[in-house]
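Keep the picture open while you read.

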Amino acid sequence: SQRIAIMGAMDQEIAILIDSMKSVKKVEKGGITFYKGKLKGQKVVLLKAGVGKVNAAYSTAILAENFEPEMLIFTGVAGGLHPEAMPGDIVIGEKLVQFDFGQVDSTGFTVWPFRKIGGGPHEDLFVEADAELIAKSTAAANLAELEPISGRQPRIFSGVISTGDVFVSSNEKAAFLYEEFDALATEMEGAAIAHICRTLGIPFVIIRSCSDNANNHARVNFNQFVGPASANSARIVLAILGEM
Ligand code: ADE
């Protein structure tokens with residue numbers, strides 16, 4: 001029978017999922033702790049990947065080798081880039097792109113689209129998430145009982161998510177990512193997971209809740225909202241599983 005893999009990067013991102021799991025069996029593989037069990041009646045394997053693209057790619061590979069999941073759902077927080085994507089808002093990743101893979105110019109920003117050595121666009125850097133999982137995630141996000149953050153009911157966005165090995169806290173960099181990649185949010189794992197899932201043929205979706213706006217205030221906002229934003233993203237995962 002199918003096993004659904006659920007991944008987060010940090011403890012906060014998977015906390016309420018671990019607490020909601022039944023018949024949990026802990027298994028260690030390759031230095032990663034996997035939690036096998038039932039969540040909303042579904043057979044799942046849950047793990048914390050760690051932060052950044054290396055941890056994300058490694059964890060996805062170890063997961064695939066040992067558990068052969070039929071699909072992967074990532075849940076966590078991100079920095080909102082869309083001018084209206086405020087802390088608390090949800091971004092479902094339709095396409096994932098590594099923004100720090102390529103060539104850097106004198107401005108310090110990765111040059112796009114002349115990323116391949118010798119020039120030429122690197123379109124395969126955009127990895128598409130699974131259409132069915134995107135649809136299920138969007139439906140679940142609208143159906144889940146999400147907590148208001150800063151007195152606002154979360155809005156649901158879907159589109160491009162950019163990924164890089166840095167916590168973005170710069171107005172200029174945030175604007176660059178939005179303009180250059182059309183990215184609605186930025187985070188540190190999605191495109192790495194997407195890349196490995198594409199290689200291995202595993203359907204996946206990346207669900208993110210904004211903890212900040214990747215701007216000059218991002219660090220303060222992140223600390224304030226990482227808890228409630230993580231919880232809302234996890235609630236969407238519970239809603240997806242409940243509808244399967
Ligand atoms: N995750 C949450 N906020 C982020 C940010 N501003 N940059 C990168 N990853 C994040």
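## Two helices side by side

Start with helix α2 (residues 53-67) and helix α5 (residues 190-200): their axes come within 8 Å and cross at roughly 30 degrees. Axes here are lines fitted to C-alpha atoms, for helices over the stretch in contact, and angles run from 0 to 180 degrees between N-to-C directions. That angle makes α2 roughly parallel to α5 (under 35 degrees counts as roughly parallel, over 145 as roughly antiparallel, 65 to 115 as roughly perpendicular, and the rest as oblique). The crossing of the two is right-handed, a label used if the near helix is turned clockwise from the far one by less than a right angle, with left-handed for anticlockwise.

Who touches whom? On the α2 side you'll find Lys53, Ala56, Ala57, Thr60, Ala61 and Ala64, and they meet Ala192, Ile193, His195, Ile196, Cys197 and Leu200 of α5. Two residues are in contact if their C-beta atoms, placed from the backbone, lie within 7 Å. Sorted by class, the residues of this contact are nine nonpolar, two polar and one charged. Ala, Val, Leu, Ile, Met, Phe, Trp, Tyr, Cys and Pro count as nonpolar, Asp, Glu, Lys and Arg as charged, and the others, Gly among them, as polar.

## How to read the model

This is a predicted model, so local features need pLDDT of at least 70 and side-chain atom pairs count only at pLDDT 80 or more, while totals for chains, interfaces and linings use all residues. Residues are numbered from 1 along each chain as its sequence is written. Helices (H or I, at least four residues) and strands (E, at least two) are DSSP runs, numbered from the N terminus.

## A pair that crosses

Now look at helix α3 (residues 131-143) and helix α6 (residues 218-242), which pack at about 110 degrees with their axes 8 Å apart. That makes α3 roughly perpendicular to α6. The contact brings Lys136, Ser137, Ala140, Ala141 and Leu143 of α3 together with Ile236, Ala239 and Ile240 of α6. By class, that's six nonpolar, one polar and one charged. This crossing is right-handed.

## Two residues in strand β6

Leucine 96 sits in strand β6 (residues 90-98). Is leucine 96 buried or exposed? It has 28 C-beta neighbours inside 10 Å, so it counts as buried (20 or more other C-beta atoms within 10 Å of its own means buried, 12 or fewer exposed, in between partly exposed, with C-beta atoms placed from the backbone). Beyond its neighbours within four places in sequence, leucine 96 contacts Val127, Ala129, Ile161, Thr163, Gly190, Ala191, Ala194 and Ile206.

With 23 other C-beta atoms within 10 Å, glutamine 98 is buried. Setting aside its neighbours within four places in sequence, glutamine 98 contacts Leu125, Thr163, Gly164 and Ala191.

## Helix α4

In helix α4 (residues 171-181), the buried residues are Lys173, Ala174, Phe176, Leu177, Tyr178 and Phe181. They pack against β5 (71-80), β6, β10 (156-163) and β11 (183-187). Just after α4, aspartate 182 takes a positive phi of about 65 degrees.

## The whole chain

Stepping back, the protein chain has six helices and twelve strands. Its C-alpha trace spans about 55 × 45 × 30 Å along its principal axes. Buried residues make up 48% of the 244 residues.
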